[in-house]
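Here is a short tour to read with the model open beside you.

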Amino acid sequence: MYRILQLIESIFRVLRNKIKILYWKIKYGKRLKIGKGLKFRNNFIININENGYLEIGENNFFNNYCSINCHTFISIGNNNSFGENVKIYDHNHVFNTKNSLKKGNFNTNPICIKNDNWVGSNTVILSKCNIGNCNVVGAGTIVNEVIEDEEIVKNSRTLEKRKIKFKK
């Protein structure tokens with residue numbers, strides 16, 4: 001009985017993903033290109049601005065709660081794996097002029113993620129970022145630079161502790 005339920009769940013997941021991909025293709029039209037073998041779990045979100053273009057290659061996997069937010073151009077190659085809650089943004093808010101946040105002004109730069117990368121959970125990939133081939137991006141990393149081929153990348157963080165100074 002358990003195997004039958006697993007089979008039904010697997011079929012449901014495949015159908016749900018195919019319907020969601022069809023929805024995105026209808027919604028975004030020529031601004032979206034998706035290769036074969038795209039797999040994703042729950043709550044995978046794609047947002048493409050009216051001037052944006054998103055290209056996702058073949059055999060990519062996005063775990064739960066991933067999102068891609070494209071204002072200009074994002075290219076994702078083949079055979080990449082993204083952990084839970086990975087966020088990809090090719091834009092940043094302009095905040096150095098008065099009322100610019102209210103106006104929704106953005107700075108935009110393309111993102112290119114090549115092939116065979118493993119991106120850990122809770123990673124944020126920001127504009128101007130290029131990630132080469134065969135890399136590992138550690139969980140919780142904020143990526144805002146170029147990553148060459150065959151590198152392991154992580155943010156260096158130390159746990160800072162200090163005593164509370166209570167008022168007497």
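## Strands 3 and 6

Strand 3 and strand 6 (residues 67-70) pair in the parallel sense over four bridges; strands are DSSP runs of E with at least two residues, numbered from the N terminus, and two strands pair if DSSP finds at least two bridges between them. Cys70 in strand 6 is the bridge partner of Ile48.

This is a predicted model, in which local features need pLDDT of at least 70, side-chain atom pairs count only at pLDDT 80 or more, and totals for chains, interfaces and linings use all residues. Residues are numbered from 1 along each chain as its sequence is written, and side-chain values use heavy atoms, with hydrogens and water left out.

Buried means under 20% relative accessible area, exposed over 50%, and partly exposed in between (1.4 Å probe, protein chains only).

## Helix 1

Helix 1 spans residues 2-28 and includes Leu5; helices are DSSP runs of H or I with at least four residues. Leu5 counts as partly exposed because its relative accessibility is 47%.

Ser10 is also found in helix 1, and it counts as partly exposed because its relative accessibility is 32%.

## Around Glu150

Glu150 sits in the loop between strand 18 (146-147) and strand 19 (152-153). Glu150 counts as exposed because its relative accessibility is 64%.
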